[in-house]
Amino acid sequence: MKIEVLIPEQDVRDRIKEMADALSEKYAGEEVLLVGILNGSVFFLTELAQKMSIPVEIDFMAASSYGSGTESSGRVLVTKDLERSVKDAHVIIVEDIVDTGQTLHLLTEMIMERHPASFELAVLLDKPARRKVCLDADYIGFEIPDAFVVGWGLDYDQKYRDLPYIGVITEE
Ligand code: IMP
């Protein structure tokens with residue numbers, strides 16, 4: 001297995017700071033609820049939250065798209081729901097990547113049915129070439145080509161989530 005650096009650590013950190021600044025400006029004077037999608041969002045969410053200059057609350061949901069390795073089957077199962085109500089909260093879903101869009105499509109619908117005060121979607125990476133459902137994130141860290149990436153929470157069979165850069169697996 002070989003992993004090549006696609007986005008170096010400092011570039012990721014700089015971009016997350018820009019996203020945090022944009023969110024802090026937009027929600028100035030408000031309190032926001034960051035909803036992280038487990039497990040992939042954890043590294044991005046903590047960095048984003050620490051760089052934001054407004055008060056944030058944090059909660060998590062988990063969804064699994066059946067399958068392992070680099071292909072998902074397209075069927076999404078919600079395995080953990082939020083601990084708190086989102087009614088009247090300014091909700092920002094925080095996710096590692098939008099690939100086919102199926103996971104975020106389902107989770108977005110679930111949140112919207114609960115009538116938050118507002119709702120936005122922040123993703124570290126976007127792979128538009130693979131989209132199967134219509135889904136546009138409000139904040140995107142980097143648009144990347146159709147390659148399987150690891151690091152910053154993204155895994156290959158549960159490994160490499162802790163890499164501090166975004167890497168591409170180039171060889172088995
Ligand atoms: P979706 O296809 O947009 O529903 O994405 C589902 C999930 O697949 C994401 O939240 C990631 O956890 C995972 N995923 C998609 N692309 C990659 C990748 O390139 N590397 C690691 N995980 C990925």
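How many bridges join strand 8 to strand 9? Two bridges do. The views below show a predicted model, where local features need pLDDT of at least 70, side-chain atom pairs count only at pLDDT 80 or more, and totals for chains, interfaces and linings use all residues. Residues are numbered from 1 along each chain as its sequence is written, and side-chain values use heavy atoms, with hydrogens and water left out.

View 1. Strands are DSSP runs of E with at least two residues, and helices are runs of H or I with at least four, both numbered from the N terminus. Two strands pair if DSSP finds at least two bridges between them. Strand 9 spans residues 166-171. Its Gly167 stands opposite Val150.

View 2. A polar contact here is a pair of N or O atoms within 3.5 Å. A backbone N or O atom of Asp99 lies 2.8 Å from a ligand oxygen. For a polar backbone atom of Gln102, the distance to a ligand oxygen is 3.4 Å. Lys127 uses a side-chain N or O atom, 2.8 Å from a ligand oxygen. The protein covers 87% of the 490 Å² of accessible area that the ligand has on its own (Shrake-Rupley method, 1.4 Å probe).

**View 3. Strand 5 gives the most to the ligand shell, with four residues.** Strand 5 (90-98) and helix 3 (102-112) are the elements that give two or more residues.

Notes
A polar contact is a pair of N or O atoms within 3.5 Å; within protein, one must be able to donate a hydrogen and the other to accept it, and residues adjacent in sequence count only if both atoms are side-chain atoms.
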